[in-house]
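Subject: Structure for your review

Dear colleague,

Please find below the structure that I am handing over to you. My findings follow it, and I would be grateful if you read them with the model open.

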Amino acid sequence: MTTTSVKGFAGVDVPNDDVITNCMHCGLCLPTCPTYVLTGLERSSPRGRIRLIKSVASGDLPMSELFVEEMNFCLDCQACETACPAGVRYGSLVEAARAQAFAQERESRATRLLKRFFLGTVFSSHRRLKGLATLLKVYQRSGMAWFLRRTGILAAISPKLARLDPLTPQISDSFSSDVLPEVLSPYGERRYRVGFLTGCIMDVAFGNVNMDTIEVLRRHGCEVIVPQSQSCCGSLAAHYGDMTSARRMAAGAVDLFKRDGLDWIVMNSAGCGAFFKEYGHLFADDPERASAAELVAARTKDLTEFLASTGFRPRHARPSGNKRPPRVTYHDACHLAHTQKVVQEPRRLVQSVPGYEYVELPEASWCCGSAGIYNIVEHEAAMQILERKVDNIASIAPDVLVTGNPGCMVQIRHGLERRGLNVRLLHTATFLREACDP
Ligand code: SF4
Ligand code: SF4
């Protein structure tokens, strides 16, 4: 993809002007856009936002507070890209607009401070992230969280905090990066050597999923290389416009994963995988790192993409006894389905596990409302979007719901609990690992 700076968006690489002029204003993307469906407002649709970006880029409109709000109200789910017959790269445009708003400090002071603290300070240092996660674990395990919730003290202190509390990820007993060695041998003959990103949230809150992923890979004949001293890949920062932090974190990841001898780099988080695949475009002004970044991007595959393309077969049927087979369904993470276009591979893998009845989830690729930190900063809208997802889940009453992104897991778990639905929510890696168990 050729990139250049759109006028008015200097310093931010976005696809050239064609992506803007390519928009035919046909409106085919509108019914796929959760924020348009929610509000009915043209300015909250992909087509409306493209017009706004074009107007600000050409200087016809100022970068107003309303403009910035509208950019942040977008989930960046990229369902509109999937629907667009003209191939408009909407995601690149909205991320460029957010980056420009962040660079020009056009957001509220509170939002800027929040972003700088979490994206630029906590996530940019894995040591700091682990420190914060350890404090959170003490809060969650000591009974203090339970006490504050049950007594209503949390709601009395801050109703907003009480609403956000259930969306806090449950911190793992141990962090996967603390226990994983640099090299893990395959069971049996080595077929591939793959790099593995432990991630940030995946490391501290989904350590079990990281272990399941590695177990599946080893059983599939992979030697797994886990570069030590990893930190966040930068995707969250890029998603919210802090490109300086995003580039810094991405540079660290490129330096760790550019090593010789890796066949693939395997991802188990849709957002991280999507951003790794974009690394080649991030370092236009750093030619030396740009070629390494392109190499890393080209080697990156989602776990399901890798397993499906290399003939993974689950080895054992899950016993179902005399009862009906458990019903399993699959929810598409936006950054896997819409950004990476990985749609069929996870379905084929889930369907290949014997002993289950696969049922397609209605509107499986409709965003769940998680979208990075969207469910925190746009909480009301995120909860309304979640309701639609839970309605669809309830309509098919699955026993198991499989998905491939930590944000979706936290958000959907909250939706299921609120509705009182008894559905086992599993990451794809865990579902496949169970299918390999003796
Ligand atoms: S990225 Fe999602 S929320 Fe944003 S305009 Fe496109 S469909 Fe709508
Ligand atoms: S973004 Fe694509 S689908 Fe949406 S209005 Fe423009 S051309 Fe049509």
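Which residue in strand 9 does valine 328 stand opposite? Valine 328 faces tyrosine 358. Please bear in mind that this is a predicted model.

Strand 8, residues 327–330, pairs with strand 9 in the parallel sense, over two bridges. Both belong to an open sheet of four strands, whose order is 9-8-10-11 and whose pairing is parallel. Strand 9 (357–358) and strand 11 (424–427) are the edge strands, each pairing on one side only. Helix 25, residues 428–436, lies across strand 10 (400–403) and strand 11, and runs at about 95° to strand 11.

I then turned to the core. The largest nonpolar core holds 118 residues, of which Val194, Cys233, Ile265, Val266 and Cys367 touch the most other members. Helix 6 (residues 90–103) contributes the largest share of this core, with eight residues. If neighbours within four places in sequence are left aside, valine 266 is in contact with Val194, Phe196, Leu217, Lys301, Leu303 and Phe306.

The last point concerns the ligand. There are 14 residues around ligand 1, and those that come nearest are Cys33, Pro46, Cys74, Cys77 and Cys80. Helix 2 (34–39), helix 3 (46–58) and helix 5 (79–83) are the elements that each give two or more residues to this shell. By type, the shell around ligand 1 consists of nine nonpolar, three polar and two charged residues.

With kind regards

Conventions
Residues numbered from 1 in each chain as written. Chains lettered and ligands numbered in written order. Predicted model: local features only at pLDDT ≥ 70, side-chain atom pairs only at ≥ 80, totals over all residues. Pairing = 2+ DSSP bridges. Contact = placed C-beta atoms within 7 Å. Axes fitted to C-alpha atoms, helices over the stretch in contact; angles between N-to-C directions. Core = buried A, V, L, I, M, F, W, Y, C linked by C-beta atoms within 7 Å. Buried ≥ 20, exposed ≤ 12 C-beta atoms within 10 Å, placed from the backbone. Near = placed C-beta within 6 Å. Nonpolar A, V, L, I, M, F, W, Y, C, P; charged D, E, K, R; others polar.
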